[in-house]
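Visitor: I would like to learn how to read the features of a model such as this one, beginning with a helix and going on to strands, the core and the surface.

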Amino acid sequence: MSYEKIAKNLIDQVGGMENISNLSQCATRLRFQLVDQNKVNDEKIKGTDLVLGTVVAGGQYQVIIGSKVADVYKEIMKLKDKNTSEEIANNVQNETGTKKGVQGIFDIISGSFLPLLGVLAGSGMLKAILNLLLEFNLINTNNSTYIVLSSISNAVFYFLPILLGFSLSKRLGVNVYIGAAIGASLLEPGFMGLIGNGNVDFLGIKLIAIDYASSVFPVFIAIAFYAKFEKLLIKFIPKMLQMFMVPIYLLLSLYR
């Protein structure tokens, strides 16, 4: 059975695409967050090719697949994206090809920010409260309480490249942890220490170190490149080496 057929069968047996509120993968498992777990046909899933077993844990319905889990996950995400695209197309009239392309880009951007809106709003409100306390002299910038609260409110914005690396990777259907690691590498203290140093190179190539904290577009560009490059690497790297070789090449390619 092909990966596409396995993916379609799993979707059908967990209650259809509309019953999947979230899907993620780990090294060996697909982790389904379902709207209604009563719709799952556990026996048929266990009888599907490549499926080694199922587990319900932490509110998730987990399907154990093994080393081929990434291939099945990608096929499910392709079907999910296709389903979403068809829904959009059905609701849009007389749309040109260019407009579809632009809408697709904005859909990806908005879809990446959407999961972060709550924590961004919370951090923004905390900043506003701290500014009010400073304005009325109820606290000062040297106060340890202010420093702790300020650190909490600043953290989300400072580490925004990591959060966006995760959510954008999820939106594009690639490994979210590699995406987060790409965002983290832009903020790693050793790299940040190179800022202002005019004699920096990477493998002999001139490198200009910039402060990427709180930035948006650099991680968007990096993850977009990663999503395309990952598919190319998977074609040429043997399956038994993909778990560590693909992340190595992807992380190194960020600085090329």
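Guide: The expected span of a helix is 1.5 Å times one less than its number of residues, so the 20 residues of α10 should span 28 Å, and the 29 Å between its end C-alpha atoms agrees with that. The model is a predicted one, in which local features need pLDDT of at least 70 and side-chain atom pairs count only at pLDDT 80 or more, while totals for chains, interfaces and linings use all residues. Residues are numbered from 1 along each chain as its sequence is written, and side-chain values use heavy atoms, with hydrogens and water left out.

Visitor: Which residues of α10 are buried?

Guide: Buried means under 20% relative accessible area, exposed means over 50%, and partly exposed lies in between, with a 1.4 Å probe and protein chains only. In α10 the buried residues are Val219, Phe220, Ala222, Ile223, Tyr226, Ala227, Phe229, Glu230 and Leu233.

Visitor: How many residues does the largest nonpolar core have, and which have the most contacts inside it?

Guide: In soluble globular proteins, nonpolar side chains tend to be buried together. A nonpolar core is here a set of buried Ala, Val, Leu, Ile, Met, Phe, Trp, Tyr and Cys residues joined through side-chain atoms within 4.5 Å. The largest such core has 27 residues, and those with the most contacts inside it are Leu164, Ile182, Ile223, Tyr226, Leu233 and Leu250. At least two residues of this core come from each of α7 (160–172), α8 (176–185), α10 and α11, and the largest share, eight residues, comes from α10.

Visitor: Which residues form a nonpolar patch on the surface?

Guide: Patches are made of residues with over 30% relative accessible area and no salt bridge, like charges being joined within 9 Å and nonpolar side chains (Val, Leu, Ile, Met, Phe, Trp, Tyr) within 5 Å. Accessible areas come from the Shrake-Rupley method with a 1.4 Å probe, and for residues only the protein chains shown count as cover. The nonpolar patch here consists of Met240, Leu241, Met243, Phe244, Ile248 and Leu252, which together have about 630 Å² of accessible area. Leu252 lies in helix α11, residues 239–253, and counts as partly exposed because its relative accessibility is 39%.

Visitor: Which strands pair with β4, and in what sense?

Guide: Two strands pair if DSSP finds at least two bridges between them. Strand β2 (residues 29–34) pairs with β4 in the antiparallel sense over four bridges, and strand β3 (residues 53–57) pairs with β4, also in the antiparallel sense, over five bridges. Gln62 of β4 is the bridge partner of Val55 and also of Arg31, while Ile64 of β4 is the partner of Arg29. β3 and β4 form a hairpin with two residues between them, and Gly58 in the turn has a positive phi of about 60 degrees. Both faces of β4 are covered, with Gln60, Gln62 and Ile64 buried on one side and Tyr61 and Val63 buried on the other. In β2, by contrast, Leu30, Phe32 and Leu34 make a covered face, and Arg29, Arg31 and Gln33 an uncovered one.

Visitor: Where does Asn137 lie, and what is its phi?

Guide: Most residues other than glycine have a negative phi, and most peptide bonds are trans. Asn137, in the loop between α5 (117–135) and α6, has a positive phi near 55 degrees, and counts as exposed at 68% relative accessibility. Ser214 also has a positive phi, of about 65 degrees, although it is not a glycine, and is found in the loop between β6 (205–206) and α10.

Visitor: How many salt bridges does the count come to?

Guide: Side chains of opposite charge can pair when their charged atoms come close. A salt bridge is a side-chain nitrogen of Lys or Arg within 4 Å of a carboxyl oxygen of Asp or Glu, and by this rule the count comes to three. Lys8 and Glu4 meet at 3.4 Å, N to O, and both lie in helix α1 (residues 3–13), four residues apart, about one turn of the helix. Lys46 pairs with Asp42 at 3.1 Å between the closest N and O atoms, and Lys78 with Glu75 at 3.5 Å. Glu75 counts as buried because its relative accessibility is 17%.
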